[in-house]
Amino acid sequence: MLTNKAAKGKNGTIVAMIAGTKANTVIAIIKKISLKQRNQVSEITLYMAANMALIAKMCFPNATRITDRFTHIFSLKFWNSRYRFAKFMFKS
């Protein structure tokens with residue numbers, strides 16, 4: 001999902017919604033937006049995934065990339081709690 005932060009939730013906030021996570025597919029679709037417009041992007045927030053970093057690097061060369069670690073940390077906490085619960089339940 002590409003959004004325009006400057007629109008602040010109003011008209012023009014959603015720039016594009018692209019199905020899929022394959023870098024080549026997403027890059028091909030984003031590159032339909034003119035290079036002049038893509039060069040205006042100053043900051044990108046993305047998940048900790050190699051394909052997202054590749055998409056950002058290839059499509060928005062002038063933008064600063066900020067990695068969102070919240071999802072990754074949340075996942076680690078979830079699996080850590082599951083491990084502790086299982087360890088507690090099956091103590092010998």
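The model is predicted, so local features were taken only at pLDDT of at least 70 and side-chain atom pairs only at pLDDT 80 or more, while totals for chains, interfaces and linings use all residues. Residues are numbered from 1 along each chain as its sequence is written, and side-chain values use heavy atoms, with hydrogens and water left out.

The chain has four helices and four strands. Helices (H or I, at least four residues) and strands (E, at least two) are DSSP runs, numbered from the N terminus. Their order from the N terminus on is β-β-α-α-β-α-β-α. Of the 92 residues, 18% count as buried; buried means under 20% relative accessible area, exposed over 50% and partly exposed in between, with a 1.4 Å probe and protein chains only. Contact means heavy atoms within 4.5 Å. Among contacts in the chain with a separation of 6 or more, 26% come from residues 24 or more positions apart.

Helix α3 spans residues 50-59, and I55, A56 and C59 are buried in this helix. These residues lie on the same side of α3, because they cover an arc of only 95 degrees around the axis. The arc is that of the directions from the helix axis to the C-beta atoms. On the other side of α3, A50 and K57 are exposed. The buried residues of α3 pack against α1 (23-30), α2 (35-38), β3 (43-47) and β4 (64-68).

An α-helix has 3.6 residues a turn, so residues three or four places apart point the same way.

The two helices α1 and α3 pack at an angle of about 30 degrees, with their axes 10 Å apart. Axes are lines fitted to C-alpha atoms, for helices over the stretch in contact, and angles run from 0 to 180 degrees between N-to-C directions. Helix α1 is therefore roughly parallel to α3, a term for angles under 35 degrees. Where the helices meet, A23, V26, I27 and I30 in α1 are in contact with N51, L54, I55, M58 and C59 in α3.

Leaving aside residues up to four places away in sequence, I55 touches A23, V26, I27, I30 and F60. With the same exclusion, L54 touches A23 and I27. L54 is partly exposed, with a relative accessible area of 38%. L54 and I27 are 27 residues apart in sequence, and their C-alpha atoms are 8.8 Å apart in space.

The largest nonpolar core has 14 residues, of which I30, I44, I55, C59 and F60 touch the most other members. Such a core is a set of buried Ala, Val, Leu, Ile, Met, Phe, Trp, Tyr and Cys residues joined through side-chain atoms within 4.5 Å. The elements that give two or more residues to this core are α1, β3 and α3, and α1 gives the most, with four residues.

K32 is exposed, with a relative accessible area of 71%. The C-alpha atoms of K32 and C59 are separated by 10.0 Å, and the two residues are 27 residues apart along the chain.

Technical notes:
Parallel < 35°, antiparallel > 145°, perpendicular 65-115°, else oblique.
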